[in-house]
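Here is a short briefing on a protein chain. Read it with the sequence and the 3D view side by side.

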Amino acid sequence: MVTSQNIFAGGRIDRAAPRRADPAAVAGWLADAGTRLIPVWRGRILLTDQDGDLRLAAVPPRTNWPDGGPVQWPPSTERTVVFLGLLDDVPHFAVDVSDLEQPVAEAVCAPFGRFDDLRMAGGALPVDDANLAAYARGLMEWHGHSRYCGHCGSRTMPTDGGHIRRCVLETCAAPHFPRTDPAVIMLVHDGESCLLGRSARFHTKIYSTLAGFVEPGESLEDAVAREVLEETGVRVDTVTYHSSQPWPFPRSVMIGFHARAEHQPISCNDDELEHALWCTRRELRARVAADSLRLPHRYSIAYRLIAEWLAAE
Ligand SMILES: [Zn+2]
C-alpha cells in the first residue's frame with residue numbers, strides 16, 4: 001500500500017485513465033445526476049463547513065452557469081471542464097469558472113460553499129478532499145496556460161477528459177500533456193545540527209528547509225547538491241529520499257530529502273536566502289519555544305522533514 005502523510009497526497013481517486021479517452025464515457029459520467037462537480041475560480045477552491053469540519057464542496061452537474069449553461073463534454077464553451085476520476089464509483093469533475101466575475105461565481109456557488117485559498121485551508125481537509133482539490137487546481141492551472149500549441153501557435157482543445165490538449169490544426173495535431181514541475185526540498189544536517197534558511201519572502205521569523213526547482217540535465221540528487229551549494233555554499237555528501245508532496249501552487253511536486261553534509265561555514269551566495277544558520281536540536285527547540293524562530297506551516301513537507309529530524313534524536 002502506498003502511504004504518505006503529506007497533505008494533498010494519498011487520495012483514493014481512480015483516475016480511470018483507459019476509459020477517459022472515450023468521449024461517450026466522459027459525457028455519460030458528466031450527465032450522471034450523482035456526479036460531483038468541483039468549481040475552481042482563479043485558483044480558489046469551493047469549500048464548506050460540515051458540522052464544524054472543513055470539506056470540499058461540489059455543485060450538481062446540471063448547474064446553470066451564466067454565459068454557458070451546464071457544462072458538457074466535449075466542452076461547448078471556453079470554460080474548461082476535466083474528468084478527475086471515480087471516487088467510490090462517483091464521477092468527479094472540475095470546472096474552471098475563472099471567466100466569471102467574482103460576485104457572479106460566488107452567487108452561483110453560495111448554496112454549496114465559498115471559494116477559499118487552498119494553500120491556507122488544505123491542511124484542514126480530509127485526505128481525499130485535499131487530494132481532489134490539489135488535483136483540480138494543478139490541472140486547471142495547466143489548462144489556463146496551454147491554450148496555444150507550442151509547435152505552431154494554433155489553438156488547442158481538451159481531449160481525453162481534459163488530460164490532453166490537442167492542437168486544432170490538422171497538419172499539426174500535436175498532443176500536449178499536463179505539466180508538473182519537480183522541485184527538491186531538503187533537510188541538510190551534519191548529524192548534530194541542521195541547516196535552515198530564510199527567504200525575504202517568508203513571514204517574520206520563519207526559517208525553513210532549502211528548496212529549488214530541478215533543472216534540465218540534472219538528477220534529483222544533483223539538484224539537491226546544487227541548490228544547497230548555490231544558496232549556502234555548503235557541499236552535501238549523501239542524499240536520501242524521504243517522501244513527496246503534490247504542491248499545486250501553481251503546479252509542482254515537492255520531492256523531499258535528507259542530505260548529510262560536513263559542518264561548513266555558510267555563505268549566502270545568491271539572492272534566494274537573506275539568512276541561513278546551523279542549529280542543533282536543542283537550539284532549535286529553544287528558539288521555537290522562545291518564539292525567536294518559527295517553523296513553516298505544519299502541513300508542509302518542510303515542516304515534516306524538520307520535525308522528523310528533531311524527533312530522531
Ligand atoms: Zn500545432
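Predicted model: local features only at pLDDT ≥ 70, side-chain atom pairs only at ≥ 80, totals over all residues.

Residues are numbered from 1 along each chain as its sequence is written. The chain holds eight helices and 15 strands. Helices (H or I, at least four residues) and strands (E, at least two) are DSSP runs, numbered from the N terminus.

**Overall layout**

- The C-alpha trace spans about 60 × 55 × 40 Å along its principal axes.
- Of the 313 residues, 37% count as buried. A residue is buried if 20 or more other C-beta atoms lie within 10 Å of its own, exposed if 12 or fewer, and partly exposed in between, with C-beta atoms placed from the backbone.
- Among contacts with a separation of 6 or more, 64% come from residues 24 or more positions apart. Two residues are in contact if their C-beta atoms, placed from the backbone, lie within 7 Å.

**Two domains**

- The domain assignment gives domain 1 (17–176) and domain 2 (181–311). Such bounds come from an automatic or database domain assignment.
- The centres of domain 1 and domain 2, taken over C-alpha atoms, are 33 Å apart.
- Eight residues from domain 1 and eight residues from domain 2 make the contact.
- On the domain 1 side, helix H5 (residues 127–144) supplies the largest share, five residues.
- By class, that side of domain 1 has two nonpolar, three polar and three charged residues. Here Ala, Val, Leu, Ile, Met, Phe, Trp, Tyr, Cys and Pro count as nonpolar, Asp, Glu, Lys and Arg as charged, and the others, Gly among them, as polar.

**Nonpolar cores**

- The largest nonpolar core has 43 residues. A nonpolar core is a set of buried Ala, Val, Leu, Ile, Met, Phe, Trp, Tyr and Cys residues joined through C-beta atoms within 7 Å.
- Those with the most contacts inside this core are Ile38, Ile45, Leu56, Phe93, Ala94, Ala133 and Ala136.
- Several elements each supply at least two residues of this core, including helix H2 (23–31), strand E1 (36–41), strand E2 (44–50) and helix H3 (102–109).
- H5 gives the most to this core, with nine residues.
- Leaving aside neighbours within four places in sequence, Ala94 is in contact with Ile38, Val40, Val82, Leu84, Ala136, Leu139 and Met140.
- Apart from this core lies another, of 35 residues, among them Met186, Leu196, Val228 and Cys279.

**Helix H8**

- Helix H8 (residues 301–311) has these buried residues: Ile301, Ala302, Arg304, Leu305 and Ile306.
- Their cover includes strand E10 (181–189), strand E13 (236–247) and strand E14 (252–261).

**Strand pairs and hairpins**

- Strand E4 (residues 81–87) has five of its seven residues buried, so E4 is largely enclosed by the rest of the structure.
- E4 runs antiparallel to strand E5 (residues 90–96), joined by six bridges. Two strands pair if DSSP finds at least two bridges between them.
- Leu87 stands opposite Val90 in E5. Two residues lie between the strands of this hairpin, and Asp88 takes a positive phi near 55°.
- E2 and strand E3 (residues 53–56) also form an antiparallel pair, over four bridges. Asp49 has Leu54 in E3 as its bridge partner.
- The hairpin of E2 and E3 has two residues between the strands, with Asp51 at a positive phi near 50°.

**A three-stranded sheet**

- An open sheet of three strands has the order E7-E8-E9, with antiparallel pairing.
- Strand E7 (156–159) and strand E9 (175–176) stand at the edges with a single partner strand each, so one side of each is left without a neighbour in the sheet.
- Four bridges link E7 to strand E8 (residues 164–167). Thr156 stands opposite Cys167 in E8.

**Backbone details**

- Trp73 and Pro74 are joined by a cis peptide bond, with omega about -5°. Pro74 sits in the loop between E3 and E4.
- The Phe249 to Pro250 bond is cis too, with omega near 5°. Pro250 is in the loop between E13 and E14.
- Phe8, a residue other than glycine, has a positive phi near 85°. Phe8 is buried, with 27 other C-beta atoms within 10 Å.
- Ala173 has a positive phi of about 55°. Ala173 lies in the loop between E8 and E9 and counts as partly exposed, with 14 C-beta neighbours inside 10 Å.
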